[in-house]
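Here are my notes on this model, as numbered points. Please read them with the coordinates open.

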2 protein chains.
Amino acid sequence: MRFVIIGGDAAGMSAASRAKRNNPELEVIVLEQGHDVSYSACNIPYNIAAPEREIDDLVVRSADAFRQKQEIDLRTGHRVDAIIPEEKTISGIAQDNSSFRLSYDHLLIATGASPIRPQIDGIDLPGVFVVKNLEDGRGIKEFLKTRQVRQCVIIGMGYIALEMAEALSERAIAIDMIKPRKGLLPWLDENLAHQVRTHLDEQGVGLHDGHTLEKIVQQGEQLQVISSDMHLDCDMVIVAIGVSPNAELARQAGLQLSVSDSISVDHQLRTSVPEIFAAGDCADSYHLVTDEKTWIPLALRANRAGWAVADTVCGHPVRLAGIAGTAVFKTFAMQVARSGLTQDEATKAGFEPVSVQIQAKSRAGIYPGAQPIYVAMVGDKATGLLLGAQAVGTDQVAHRINAVAVALQAKMSVMEFTQADLAYAPPFGPTWDPFLIAANQLLKKLV
Amino acid sequence: MRFVIIGGDAAGMSAASRAKRNNPELEVIVLEQGHDVSYSACNIPYNIAAPEREIDDLVVRSADAFRQKQEIDLRTGHRVDAIIPEEKTISGIAQDNSSFRLSYDHLLIATGASPIRPQIDGIDLPGVFVVKNLEDGRGIKEFLKTRQVRQCVIIGMGYIALEMAEALSERAIAIDMIKPRKGLLPWLDENLAHQVRTHLDEQGVGLHDGHTLEKIVQQGEQLQVISSDMHLDCDMVIVAIGVSPNAELARQAGLQLSVSDSISVDHQLRTSVPEIFAAGDCADSYHLVTDEKTWIPLALRANRAGWAVADTVCGHPVRLAGIAGTAVFKTFAMQVARSGLTQDEATKAGFEPVSVQIQAKSRAGIYPGAQPIYVAMVGDKATGLLLGAQAVGTDQVAHRINAVAVALQAKMSVMEFTQADLAYAPPFGPTWDPFLIAANQLLKKLV
């Protein structure tokens, strides 16, 4: 039996490794168009922050290790051009430019996502980078090594943009950030977003939201990012305005697409053609709170989905629960965490959302190092269900969100969540965890 | 209507405040035998660590504030000697040594717990302290201020003992710890307990487990702690071998007692006499995993139970879920967290426990500052249910346990927990959270 995987990144290599561990007799072929497999893309910003580290430190396992230790038929430099479902065949161009055709019993599409590049003049100038794969990371590190970069403009203000702001600041580069829409982190509660903005202001980051980008121009060694009403001089530009799923192959093969043109899959990660699976950033998922399709490309889901496909292919069918939409990042000292729905998302999903915002302390108030922590929480007036929560702060924010993530998975009511037996000791929080304080307040609004 | 509360600590004052907020017309009388109310007992070790801080910094709200701002009839220095349920009356001795009788419509027993003192010679010598209330804290701080304390022996190795070891070490005091039974933190998985022991060794703490205490003797300014086979010289002794519930009043009144002679209460915190409630460290609770009675005296439960009683008394009956047995503490840099059952507890409770121990990293492996984190997890072979977990490590351990606490509350299976959508970003963990790594391993043993 032959299991073919298109894409050698998180979902693809997780699936390949697990399939071989499950069943060493299975023929597993991975077709990767690039040359890097199994690297930690999420760590690129932190690697860029440190001149002494090599970008290849991010490689978790080498292509050769997959080939020799796991006997995976990993073919790098192989680009797949077409899937022919009715023939259970794919075709493409091999590394030596010859064309190939390959039949499969099971196929996994794990083509990931690509950074969105705005269609403006100058986007391809030297010194303009996206941050997605190792090649991008290499390019940025090489540029920083060979050029005197004092100022960088980051286009976009999402989490990768904000992680890059921190990373480049650590290299003493002044940062300006620009985006067309007004407002930082629009999915965050306004009060929480304000805390993040204040923190970035204090770090000297220039935040220019509400400026439509027109072009990037070169002026000698320098670049200039030009919007309708301002221009920003810099030595380097980072474009980080989001990603879009690599679903073109699936679309051409007639597979059903979904939210944001991601590939539609069921709880077993099967596409509209049952023997073709999709997993990772190219595929959609069910949201645990809405039970609707959503597209939230994150690493844990990609790994988990890769494993699930491998198990199913090997005869141990796995049904994946949905995702809670849990996400966390850090920019400078500020930690930002979320799970579930925001008030707006809840309204759109047909709930009757009620929300609260509270401020508490990260440790017992009188314990040294206690910092403010801000929590927003959303519940449903009609059912009493917990719908989501967000938090920001500079101390011990990130993992607290996991209590909410599990509560959402269990479809707990706000009332039930107020009774959660969360950990307490003075170094780690007030007696009532900030999320419990928020839940207690929210409960009052729900009854 | 009169609501009488015996005890002005966490549960008692939470109940009093909330009852008054719920219903300002309610007559609320609190009888407290001491003079301090509403202080943070859990913070005493950290306060002792810092000579510049006053023990009164731990007072959350003064007695006068309760009296004047909340119109609570708070009577300090009032000792209750008897409860006469059939007459709905209590009697006792007032601050001026006069006796008093008082009728009630609802009574809350919130008498807390008292430190256990071993019955040995010398336990009452000057320089021998327990760590429970503000008076104890004052005594220790005064002793440290007026005496040259270079060495301290701590009797006991539980979490308060270990917090005190850290606190006194910060004041450059050398620490020896002694207890009769072999083994540090017997409720922890052996591999995890070993990590804690190694950390304490590295801090220079002398750990003498397996030594039966015989007496404490005074030798000039010095004390000597003498066991069957060793003696330890010191300037001060801390006794921290645990607490026992203050249930004597309840016992004499004929109320039903429970585990460890705590006061038996139902999900509404009612004792065996319906109009008498008990809450806080004197009362028992249901364990969420076993559905059996348990006695785990901790601050969050005390506060929550006080609130619940107040709501019920005010006509908004609250039914409290059980507790998951979540606890966390820190000793030096080592964080220790648990929730649910250990393997032994699970066996005793009639489960068919299977467990795993794993080692992972606190952050992405290549992210600066990543430290080992050790997780033990227990599941039930018969049902697949998650039964409990524990973790130790020096970085970002504490709040991770909350995901398990909520999963236990939701009675999740290990399989369900493996699908939890936990937060991931490189500064905060590997892609698979250490608890997910443990759950994935445990699942293999369960299927």
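1. Strand 22 (residues 334-340) of chain A runs antiparallel to strand 25 of chain A, and six bridges join the two. Keep in mind that this is a predicted model. Within this pairing, A:R338 stands opposite A:Q390 of strand 25 of chain A.

2. Strand 25 of chain A also pairs with strand 24 (residues 372-380) of chain A. The sense is again antiparallel, over seven bridges. Here A:A376 has A:Q390 in strand 25 of chain A as its bridge partner.

3. Strand 24 and strand 25 of chain A make a hairpin, with five residues between them. Look at A:G384 in the turn: its phi is positive, about 80°.

4. Is strand 25 of chain A largely enclosed or open? Eight of the eight residues in strand 25 (residues 386-393) of chain A are buried, so the rest of the structure largely encloses this strand.

5. The contact between the chains uses 48 residues from chain A and 48 residues from chain B. On the side of chain A that touches chain B, the elements giving two or more residues are helix 8 (299-313), strand 21 (327-331) and helix 10 (401-409) of chain A. Helix 10 of chain A supplies the largest share, seven residues. By class, this side of chain A has 34 nonpolar, 10 polar and four charged residues.

6. Why do the copies meet through the same surface? Because 100% of the interface residues of chain A are also interface residues in chain B.

7. Last, the core. The largest nonpolar core has 308 residues. Inside this core, A:A279 and B:A279 have the most contacts. Set aside the neighbours of A:A279 within four places in sequence. A:A279 is then in contact with A:A11, A:A15, A:L108, A:A110, A:L269, A:A302, A:A305, A:G306 and A:V309.

Terms used:
Residues numbered from 1 in each chain as written. Chains lettered and ligands numbered in written order. Predicted model: local features only at pLDDT ≥ 70, side-chain atom pairs only at ≥ 80, totals over all residues. Core = buried A, V, L, I, M, F, W, Y, C linked by C-beta atoms within 7 Å. Buried ≥ 20, exposed ≤ 12 C-beta atoms within 10 Å, placed from the backbone. Contact = placed C-beta atoms within 7 Å. Helix = DSSP H or I, 4+ residues; strand = E, 2+ residues; numbered from the N terminus. Nonpolar A, V, L, I, M, F, W, Y, C, P; charged D, E, K, R; others polar. Pairing = 2+ DSSP bridges.
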